[in-house]
Amino acid sequence: MKFELKDDKIILVHVGPNCANAFPLRAFTDFVLLLTLEHSPKAIIMKGFGPALRCIFIFVMGALLFSSCADNPGLERPNIILLISDDQSWPDYSFLGHEAIETPRIDQLAAEGLCITHGYTTAPLCRPALASMATGLYVRQHGILGNDPVFDPGGKNQYGEDWLKKRKEFNEPVMQRMEDARTIADILGEAGYVSLQTGKWWEGNYSRGGFSQGMTHGDPDHGGRHGDKGLEIGRKCLDIIYDFIDDAVEDENPFYLWYAPFLPHAPHTPPDSLREKYLPLAPTEAVANYWAMCEWFDITIGQIVDFVEEKGLSENTLFVYVTDNGWIQDPDRSNRYAPRSKREPYDMGIRTPVMYRWKGKIEPEMDETSLSSSVDIATTVLAACGQEPAEDMQGINVLDKDAREERPYIFAETYAHDFSTMDSSLEYRMVISKPWKLILPDAHLHPDKGPELYNLEDDPFEWKNRAGENPEMVKELKAYLENWLNTP
Ligand SMILES: [Ca+2]
């Protein structure tokens, strides 16, 4: 805790990393009438008091802060590092048995923490899936349905400079939805955390997601669409992350890092050494390049984990790992995905292992029976930091084993890549209740398709549709889907 005397004001400039949460502001509001709480919860400016009253105020405040911290010895303020893979399907890890891909550093996270092998993202597409991770909301709640809003490009080249400028007007209300939501970064920021956005980010400037620092400027006049400058992280550099962590440690601030590199995402341009390694192992060059990208991503994860370890922060840092959506490499076309993966309702599009690793705090466990969703990340992280989730967040705290085991359903949705309204863009809704999974096509975009029901235990790659032979289960799961957040 630090006070500074500046002009005619006493400024509380810093609350120690274990105290900000317990800061007894409310007890003072009746007494200190001229107390002004500035934007940062760490700064309090008091005007108009004489020197004697100032001294009493500092003494009482200091004593109360000290006693608050002493009364809450278990209050945790872990650093949070969110590691997000981009376009990688759930079996593409060595710890999950892939024939060739080596992911030793992600394997290490899985072995040292809680790893839920049957996790789900909320949508098989980057932007809506990432928005769920940031907000703890399902897609139909945050309303960021696809990657790009539908608009008339007026003949402009897709993703080109003029196209981006035209898109701006239609994308603004979508980005506003992120700004209106309560994000992890918003809530942790209010609790005294500093935060850094790196990598993929579709919602304009990083500040619109509540981050205090970031790489993505989001300006469509300068190439802003899904990360711009942020997309260099991992592929070209990690220094900004190291500097951010160093600064946070020096300032005694707990921190939250969003690491969502463009990895293993296309373009599949791995370092030569990795490409050479996988070429003789893979059936085609396109597949070798994708496999090499998965290991490249893994190497960067190891570099961040090692940095945190070298700084002595591992026991005060919660790593969370998840993928935004799946990917099956088209064997014949580089940088292209095959059917039944990205943008589709199948598990190769939406399933992901989910990991929570906090050395000394979370018992290692390979959980192959529970379900988890990426909407759980917000609730879980906030609980670990002693914060309440926002009211509309849908997740559970997955570190609570009972809550995990009692949860019966996970939901996911997929909308058109270029989207307009919820009704006109909805493609499929999914509900998973082990061992069953129901895929319900929307009648508007898929009038010729019927429900698909799979037994994931017998048939993890969803080849045998059992809807016809089990109409009762279809009816039951359909009823849950239709009652789930049915009113947008
Ligand atoms: Ca993605």
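Strand E11 (317-323) is mostly covered, with seven of its seven residues buried. A residue counts as buried if 20 or more other C-beta atoms lie within 10 Å of its own, as exposed if 12 or fewer do, and as partly exposed in between; the C-beta atoms are placed from the backbone. Strands (E, at least two residues) and helices (H or I, at least four) are DSSP runs, numbered from the N terminus. This is a predicted model: local features need pLDDT of at least 70, side-chain atom pairs count only at pLDDT 80 or more, and totals for chains, interfaces and linings use all residues. Residues are numbered from 1 along each chain as its sequence is written.

Both faces of E11 are covered. Thr317, Phe319, Tyr321 and Thr323 are buried on one side. Leu318, Val320 and Val322 are buried on the other. E11 also has strand partners, where pairing requires at least two DSSP bridges between two strands. Strand E5 (residues 79-85) runs parallel to E11, joined by seven bridges. In that pairing, Ile84 stands opposite Val322. E12 pairs with E11 in the antiparallel sense, over three bridges. Here Phe319 stands opposite Arg357 of E12.

E12 leads on to strand E6. Five bridges join E6 to E12 (residues 351-357), and the two run antiparallel. Leu114 has Tyr356 of E12 as its bridge partner. E6 has parallel partners as well. Three bridges link E6 to strand E13 (residues 365-367), where Ile116 is partnered by Asp367. Two bridges link E6 to strand E14 (residues 372-373), where Gly119 is partnered by Ser372. How many residues of strand E6 are buried? Seven of the seven (residues 114-120) are, so E6 is largely enclosed by the rest of the structure.

Helix H3 (residues 104-112) comes next. Its buried residues include Arg105, Ile106, Leu109 and Ala110. They cover an arc of only 150° around the axis, which puts them on the same side of H3. That arc is taken over the directions from the helix axis to the C-beta atoms. The cover over the buried residues of H3 includes E6, H10, E11 and E12.

Now the nonpolar interior. A nonpolar core is a set of buried Ala, Val, Leu, Ile, Met, Phe, Trp, Tyr and Cys residues joined through C-beta atoms within 7 Å. The largest has 108 residues, and Tyr259, Val320 and Val381 have the most contacts inside it. Helix H10 (residues 285-310) gives the most to this core, with 13 residues. Domain 2 (77-407) and domain 3 (418-485) both give residues to this core, so it lies between them. Those bounds come from an automatic or database domain assignment. Leaving aside neighbours within four places in sequence, Val381 is in contact with Ile80, Ile184, Leu318 and Val320. Contact here means C-beta atoms, placed from the backbone, within 7 Å. A second, separate core has five residues, among them Trp327, Ile328, Tyr346 and Met348.

Another part of the model holds an open sheet of four strands, in the order E15-E17-E18-E19, with antiparallel pairing. Its edge strands are E15 (410-415) and E19 (452-455), and each pairs on one side only. Neighbouring strands are turned by 15° against each other on average, direction ignored. Axes are lines fitted to C-alpha atoms, for helices over the stretch in contact, and angles run from 0 to 180 degrees between N-to-C directions. Strand E18 (residues 436-441) is joined to E19 by four bridges, and Leu438 has Leu453 as its partner in E19. Helix H15 (residues 471-483) packs on the sheet, touching E17 (426-433), E18 and E19. The direction of H15 makes about 65° with that of E18.

Some backbone geometry deserves a look. Most residues other than glycine have a negative phi, and most peptide bonds are trans. A cis peptide bond joins Leu263 and Pro264, with omega about -5°. Another joins Ala266 and Pro267, with omega about 5°. Pro264 sits in the loop between strand E10 (255-260) and helix H9 (272-278), and Pro267 is found in the loop between E10 and H9. Tyr159 is not a glycine, yet its phi is positive, about 70°. Tyr159 is partly exposed, with 13 other C-beta atoms within 10 Å.

Conventions
Two residues are in contact if their C-beta atoms, placed from the backbone, lie within 7 Å.
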